[in-house]
Amino acid sequence: MRFLAVALPALLAAGLLSAGPFFAGSAVRAVEAGTVPAASPIYGVTVPDGYRDWQLVGVAQETGALDELRAVVGNARALDAYRSGTLPFPDGTVLVKRAWTRVPSAEFAPAFVPGGATTIQVMVKDSRRYAATGGWGFGRFVDGKPADAAQHETCFACHSANVRDHDYVFTRLAP
């Protein structure tokens, strides 16, 4: 507990506990375990615990330079907003995009399947903390580590230029 008394103020100062209740539990568990989750530069976003168990929002295939398969999952607040058509998304919404290289299926020639993981990207809605970026904080992680600040600087510009009218979110709920 003494460790918590010292580490919690440091996490608050670093912004790791102010992203809302969805990250507070993760940060406290990390402090108790003696590790602090890697946070994205600029936004302080972390990869949320348990995101692999979240529900699917939608999928995409990028056939340009990245040639990736992508799946976006969302927390319960995100799915509730999608299902009810709520825009803007409410604070506490968290979306996680998982991306993999696209490789031909060994079992079925016309199909493509996920190859190696490329990135995990996270969007966190907190309209007060991220007021300057439409209420969204961004995190891009490669091999479990945050990408550099230059890559994070492009997040909001791209979302703002392309999906401003959909609360800066590209992914639509799959039917």
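**Pockets, strands and a buried histidine**

Guide: Let us begin with a space: the second largest pocket holds about 160 Å³. Please keep in mind that this is a predicted model.

Visitor: Which residues lie nearest the centre of the second largest pocket?

Guide: They are Ala-99, Ala-117, Thr-118, Thr-119 and Ile-120, out of 13 residues that line this pocket. Two or more lining residues come from each of β3, β4 and β5, and β4 provides the largest share, with four residues.

Visitor: How do you know which classes the lining of the second largest pocket has?

Guide: Each residue is placed by its type; Ala and Ile, for example, count as nonpolar, while Asp, Glu, Lys and Arg count as charged. Sorted by class, this lining has seven nonpolar, three polar and three charged residues.

Visitor: And what is the volume of the largest pocket?

Guide: The largest pocket has a volume of about 540 Å³. Its lining counts 25 residues, and the closest to the centre are Arg-70, Lys-97, Gln-121, His-159 and Phe-170. By class, the lining divides into 14 nonpolar, seven polar and four charged residues.

Visitor: Which element gives the most to the lining of the largest pocket?

Guide: That is α4, with five residues. At least two residues each come from β1, β2, β3, β4, β5 and α4.

Visitor: His-159 was one of the residues closest to the centre of that pocket. Why is His-159 called buried?

Guide: The cut-off for buried is under 20% relative accessible area. His-159 has a relative accessible area of 13%, so it is called buried. This residue is found in helix α4. Setting aside neighbours within four places in sequence, His-159 is in contact with Met-123, Phe-138, Arg-164, Tyr-168 and Phe-170.

Visitor: What part of the protein chain do buried residues make up?

Guide: Of the 175 residues in the chain, 42% are buried.

Visitor: Now to the strands. How do you know that β5 and β6 pair?

Guide: Two strands pair if there are at least two bridges between them. Strand β5, residues 136-142, and β6 have two bridges, therefore they count as a pair, and the sense is antiparallel. Phe-141 stands opposite Pro-146 in β6.

Visitor: In what order do the six strands form the open sheet?

Guide: The order is β1-β2-β3-β4-β5-β6, with antiparallel pairing.

Visitor: Why are β1 and β6 called edge strands?

Guide: Strand β1 (55-62) and strand β6 (145-146) each pair on one side only, and that is what makes them the edge strands.

Visitor: Which strands does helix α3 lie across?

Guide: Helix α3, residues 76-84, lies across β1, β2 (68-74) and β3 (94-104), and runs at about 80° to β1. Helix α4, residues 149-163, packs on the sheet too, touching β4 (112-125) and β5, and its direction makes about 130° with that of β5.

Visitor: How many helices and strands does the chain have?

Guide: There are four helices and six strands. From the N terminus on, they run α-α-β-β-α-β-β-β-β-α.

Conventions: Residues numbered from 1 in each chain as written. Predicted model: local features only at pLDDT ≥ 70, side-chain atom pairs only at ≥ 80, totals over all residues. Heavy atoms only, no water. Contact = heavy atoms within 4.5 Å. Axes fitted to C-alpha atoms, helices over the stretch in contact; angles between N-to-C directions. 1 Å grid on protein atoms, 1.4 Å probe; cavity = no way out; pocket = protein on both sides within 12 Å on 5 of 7 lines; lining within 4 Å. Points joined across faces, edges and corners; volume = space filled by probe spheres on them. Buried < 20%, exposed > 50% of the residue type's maximum accessible area, 1.4 Å probe, protein only.
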